[in-house]
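Visitor: I have a structure open and want to talk through some of the packing. Can you put it up?

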Amino acid sequence: TILVLDFGSQYTHLITRRLRELNVYCEMLPCTQKVADLPFKPKGVILSGGPYSVYWDDAPHVDPAVFDLNVPLLGICYGLQEIAWHHGKNVLAGEKREYGHAYLKIERHTGKEAHIERLFQDLQDDMEVWMSHGDKLSHLPDSFVTIATTNNAPFAGIAHTKKDYYGIQFHPEVTHTKGGTVLLKNFAVDICKAKQDWTMGKFVDQEIARIRALVGEKGQVIGAVSGGVDSTVAAKLMKEAIGDRFHAVLVDNGVLRLNEAETVKKTLGEHLGINLTVVDASELFLGRLKGVTDDPEKKRKIIGNTFIEVFQDEAKKIAKAAANSPMAGEIEWLLQGTLYPDVIESISFKGPSQTIKTHHNVGGLLKGMHLKLIEPLRELFKDEVRALGANLGIPENLIWRHPFPGPGIAIRILGEVTPEQVRIAREADYIFIEEIQAAGLYRKISQAFAALLPVKAVGVMGDKRVHDQIIALRAVETSDFMTADWYPFDGEFLKRVSRRIVNEVTGVCRVVYDVTSKPPGTIEME
Ligand code: XMP
């Protein structure tokens with residue numbers, strides 16, 4: 001195991017991710033972790049970057065016993081300064097902060113000192129690296145030598161001449177640092193001798209063991225599923241760990257995709273064997289959405305609050321039944337499919353609790369229910385969740401499903417959401433997605449849907465004048481959903497989709513394609 005001690009940098013999780021890509025097992029703990037309490041003996045320790053200055057009175061510092069572990073150390077950015085600080089308090093505020101690309105020159109050492117540049121083996125003498133720091137070393141600590149420099153940082157890389165201690169001012173974990181993964185491999189595999197035998201299969205075993213230990217022999221867990229990738233993978237993992245003591249709930253809010261509740265019942269319930277309850281609350285939701293015409297935020301609020309209400313009612317029922325069942329445990333836990341990008345703050349050393357954005361989002365749920373959160377995906381990135389899903393036997397088409405917003409097609413029906421508007425939007429959306437799949441474009445496109453405009457246009461169908469609604473198609477490519485480009489379909493494809501929608505969906509006489517990027521548009525229309 002490589003131990004990653006987190007000083008709160010926005011990049012710390014990328015270190016663990018890169019190590020996982022190298023099949024090296026690692027654990028991330030807060031930088032204040034006491035060495036005596038470590039549940040394992042690490043083969044090496046990485047000190048991450050962080051937003052502090054080591055010379056501040058309240059700056060975080062590692063347990064000095066880290067330096068008695070007798071294992072290799074790698075300090076990255078703040079981590080380098082922390083190592084230097086420990087060896088003689090020699091860090092200063094730099095005259096200028098340095099962010100972005102820099103050219104690193106590696107200083108090769110030969111003869112008796114050749115070993116100290118093992119960190120840079122298999123790398124060019126010149127490397128493009130990513131910097132993000134304000135402080136710098138004033139001079140080299142005793143027994144250290146320089147192994148790399150940049151124009152701005154004379155101590156961009158340092159190494160201890162006798163021990164395997166290394167410090168680098170740049171971030172090898174970000175993709176902007178060319179060769180960063182080679183450097184991390186040099187450290188973890190060659191210097192620390194960590195094994196490259198960590199696989200997704202092992203992650204599954206380990207997570208299952210962790211969930212079992214956390215929940216106990218009788219404890220029960222409840223969680224909402226949506227039919228999307230994240231909640232399905234999380235649910236399947238729970239099923240593998242505790243079987244039917246995990247209770248999945250799908251709330252049919254009346255604004256799911258066409259046939260969605262049925263499809264989820266089949267895939268999650270029947271195919272994946274998850275203990276699933278589908279609650280049909282569509283009438284309640286649609287009743288409350290009635291008359292809401294021009295305020296998308298109000299739609300979101302109504303749907304969010306009604307969801308909490310319905311989910312809690314169902315949870316109470318399940319809890320009651322569970323308490324009377326032979327398993328006789330109480331429902332103590334709430335499953336959340338939170339991924340790492342949803343976690344705004346990294347594990348905070350300022351307190352024992354881990355502060356997460358989603359805690360606030362489910363605050364309403366937790367308050368009424370006294371449930372503890374279980375988040376088995378919170379350290380994973382989306383592509384890792386997909387790999388995990390594949391490992392758990394989740395069907396390919398589900399793993400690659402486009403994201404679907406919680407408020408469903410209610411925010412794709414501009415204007416009032418009525419059962420008739422839902423029907424039109426659903427049918428058009430179904431055809432659009434079917435055609436995208438048939439054209440082999442589904443995986444190329446990040447998100448696609450049909451939206452329904454609340455205005456009418458004139459058309460002519462079968463010699464008759466019609467006055468019907470307009471469907472707007474939207475399809476985007478994006479890597480992070482923060483910015484997006486509309487997808488350049490060819491004309492034949494659009495012609496086919498348009499023809500089918502107008503012919504097959506009653507109430508639509510025109511189809512338009514949204515050619516707005518994000519920004520200035522958003523991906524959803526409301
Ligand atoms: P926008 O429209 O903000 O969408 O560009 C970015 C991504 O977020 C999704 N989205 C939502 N997801 N509840 C959700 O669960 C919402 O209220 C919501 N609004 C937008 C959207 O589908 C896209 O993937």
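Visitor: How are α4 and α11 oriented to each other: roughly parallel or roughly perpendicular?
Guide: This is a predicted model. In it, helix α4 (residues 200–215) and helix α11 (residues 382–391) pack at an angle of about 80 degrees. Angles of 65 to 115 degrees count as roughly perpendicular, so α4 and α11 are roughly perpendicular to each other.

Visitor: How far apart are the axes of α4 and α11?
Guide: The axes of α4 and α11 are 10 Å apart.

Visitor: Which residues meet there, α4 against α11?
Guide: From α4, M200, G201, F203 and V204; from α11, E384, A387, L388 and N391. By class, that contact has 5 nonpolar, 2 polar and 1 charged residues.

Visitor: Next, α7 and α8. At what angle do their axes cross?
Guide: The axes of helix α7 (residues 282–289) and helix α8 (residues 296–324) cross at roughly 150 degrees and come within 10 Å. α7 is therefore roughly antiparallel to α8.

Visitor: Left-handed or right-handed crossing?
Guide: The crossing of α7 past α8 is right-handed. On the α7 side, the contact uses L284, F285, R288 and L289. The α8 side includes K299, I302 and I303. The contact residues divide into 7 nonpolar, 1 polar and 3 charged.

Visitor: Switching to the ligand. What surrounds it?
Guide: Among the residues around the ligand are R300, P403, Q447, F481, K518 and I523.

Visitor: How far is the side chain of R300 from a ligand oxygen?
Guide: An N or O atom in the R300 side chain is 2.6 Å from an oxygen atom of the ligand. For K518, a polar side-chain atom lies 2.6 Å from a ligand oxygen.

Visitor: And I523, backbone or side chain?
Guide: Backbone: a polar backbone atom of I523 is 2.7 Å from an oxygen atom of the ligand.

Technical notes:
Residues are numbered from 1 along each chain as its sequence is written. This is a predicted model: local features need pLDDT of at least 70, side-chain atom pairs count only at pLDDT 80 or more; totals for chains, interfaces and linings use all residues. Side-chain values use heavy atoms; hydrogens and water are left out. Axes are lines fitted to C-alpha atoms, for helices over the stretch in contact, and angles run from 0 to 180 degrees between N-to-C directions. Helices (H or I, at least four residues) and strands (E, at least two) are DSSP runs, numbered from the N terminus. Angles under 35 degrees count as roughly parallel, over 145 as roughly antiparallel, 65 to 115 as roughly perpendicular and the rest as oblique. Contact means heavy atoms within 4.5 Å. Ala, Val, Leu, Ile, Met, Phe, Trp, Tyr, Cys and Pro count as nonpolar, Asp, Glu, Lys and Arg as charged, and the others, Gly among them, as polar. A crossing is left-handed if the near helix is turned anticlockwise from the far one by less than a right angle, and right-handed if clockwise. A residue is near a molecule or strand if one of its heavy atoms lies within 4 Å of it. A polar contact is a pair of N or O atoms within 3.5 Å; within protein, one must be able to donate a hydrogen and the other to accept it, and residues adjacent in sequence count only if both atoms are side-chain atoms.
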